[in-house]
Amino acid sequence: MTSRALSFGEVAVRYERFRPGYPDELVHAVLDYAGRPVRQALEIGAGTGKATRAFAARGVDVTATDPDGAMFGELRRHVPAGVVTMQASLEDLGPTGRFDLVFAAASLHWTEPSGRWPRIAARLEPAGVVASFGGPVELADEPLQDAVRAARAPFLSDDGVPSPDGTPPDRVMQWPGTELEQSPLFTDVRQLVIERRLRWPAQAWVGYLSTVSAYLQLPGVQREQVFTRTLQVLPEQVEVHADVILHLARRPS
């Protein structure tokens with residue numbers, strides 16, 4: 001998992017170009033759950049800063065962190081003035097004080113399981129909030145999904161990231177909510193789904209795939225073959241489901 005976690009730097013520019021950002025509805029849901037002013041937030045694994053910008057636009061003072069040097073460079077290029085940036089993982093992060101909110105956008109599963117929740121709790125003020133969000137970006141058309149799976153099958157059987165705690169996909173509460181429910185460090189665990197429907201050119205879909213860790217693990221020649229085969233089975237435009245799954249919990253007062 002560590003190699004996959006640090007594989008994004010080689011496509012940092014493409015990550016900024018092809019990964020979808022985060023809707024205002026998500027930020028509103030987090031701030032509404034907090035139930036009090038959120039002035040300072042710590043972001044774990046900020047990538048190129050797509051979620052950073054969403055929270056900063058709502059007046060939150062964000063300290064954004066990422067361990068990958070190339071991703072960190074893109075992060076600094078794209079976040080607004082006033083955002084504090086630190087190149088560090090959650091595990092290596094030095095003293096930063098405590099925050100009203102700690103959040104992670106499609107990155108919490110890359111952190112070390114051992115000590116994850118104590119590390120996050122230690123960064124939170126009493127009654128502070130942890131928010132983790134992300135979710136699969138998938139073709140809406142099932143026959144088209146099948147065609148893409150067949151196209152990649154000679155090189156890659158599955159392009160997803162398995163649940164860190166083995167929670168099956170049909171269970172109502174998904175990870176990390178499952179772990180948060182078991183942790184004595186947090187309370188009031190909630191899971192919300194923000195529906196999002198997108199329409200992309202086929203090239204943009206393949207551009208998105210080029211930022212997915214499973215493909216980044218392939219040798220370069222095989223990777224290009226997968227993308228060529230995928231484009232051959234796609235129409236010019238594709239419908240995409242990109243629901244954001246949000247998990248929230250609170251450190252007790």
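## Arg152 in helix α7

Arg152 is part of helix α7, where helices (H or I, at least four residues) and strands (E, at least two) are DSSP runs numbered from the N terminus. With a relative accessibility of 7%, Arg152 counts as buried; buried means under 20% relative accessible area, exposed over 50%, and partly exposed in between (1.4 Å probe, protein chains only). Neighbours within four places in sequence aside, Arg152 is in contact with Ser157, Asp158, Asp159, Tyr215 and Val226, contact meaning heavy atoms within 4.5 Å.

A word on the model: it is predicted, so local features need pLDDT of at least 70 and side-chain atom pairs count only at pLDDT 80 or more, while totals for chains, interfaces and linings use all residues. Residues are numbered from 1 along each chain as its sequence is written, and side-chain values use heavy atoms, with hydrogens and water left out.

## How α7 meets α11

Two packed helices are described by the angle between their axes and the distance between the axes. For α7 (residues 142-152) and α11 (residues 220-233), the axes come within 9 Å and cross at roughly 150 degrees. That makes α7 roughly antiparallel to α11. Here axes are lines fitted to C-alpha atoms, for helices over the stretch in contact, and angles run from 0 to 180 degrees between N-to-C directions. Angles under 35 degrees count as roughly parallel, over 145 as roughly antiparallel, 65 to 115 as roughly perpendicular and the rest as oblique.

On the α7 side, Leu144, Ala147, Val148, Ala150, Ala151 and Arg152 take part, and they meet Val226, Arg229, Thr230 and Val233 of α11. By type, the residues of this contact are seven nonpolar, one polar and two charged. In that grouping Ala, Val, Leu, Ile, Met, Phe, Trp, Tyr, Cys and Pro are nonpolar, Asp, Glu, Lys and Arg are charged, and the others, Gly among them, are polar.

Leu218 sits in the loop between α10 (213-216) and α11. Leu218 is buried, at 10% relative accessible area. Beyond its neighbours within four places in sequence, Leu218 is in contact with Phe155, Arg223 and Val226.

Now for the strands. Seven of them form an open sheet with mixed pairing, in the order β3-β2-β1-β4-β5-β10-β7; two strands pair if DSSP finds at least two bridges between them. β3 (84-86) and β7 stand at the edges with a single partner strand each, so one side of each has no neighbour in the sheet. On average, neighbouring strands are turned by 20 degrees against each other, direction ignored.

Strands β1 (residues 40-44) and β2 (residues 61-65) run parallel and are joined by four bridges. Gln40 has Asp61 of β2 as its bridge partner, and Glu43 stands opposite Ala64 in β2. β1 is mostly covered, with four of its five residues buried.

## Helix α3 across the sheet

Helix α3 lies across β4, β5, β7 and β10, and runs at about 15 degrees to β10. The buried residues of α3 (residues 24-34) are Leu26, Val27, Ala29, Val30, Leu31, Tyr33 and Ala34. They pack against α4 (50-56), β4 (99-105), β5 (124-134), β7 (187-194) and β10 (244-250). After α3 comes Gly35, with a positive phi near 70 degrees.
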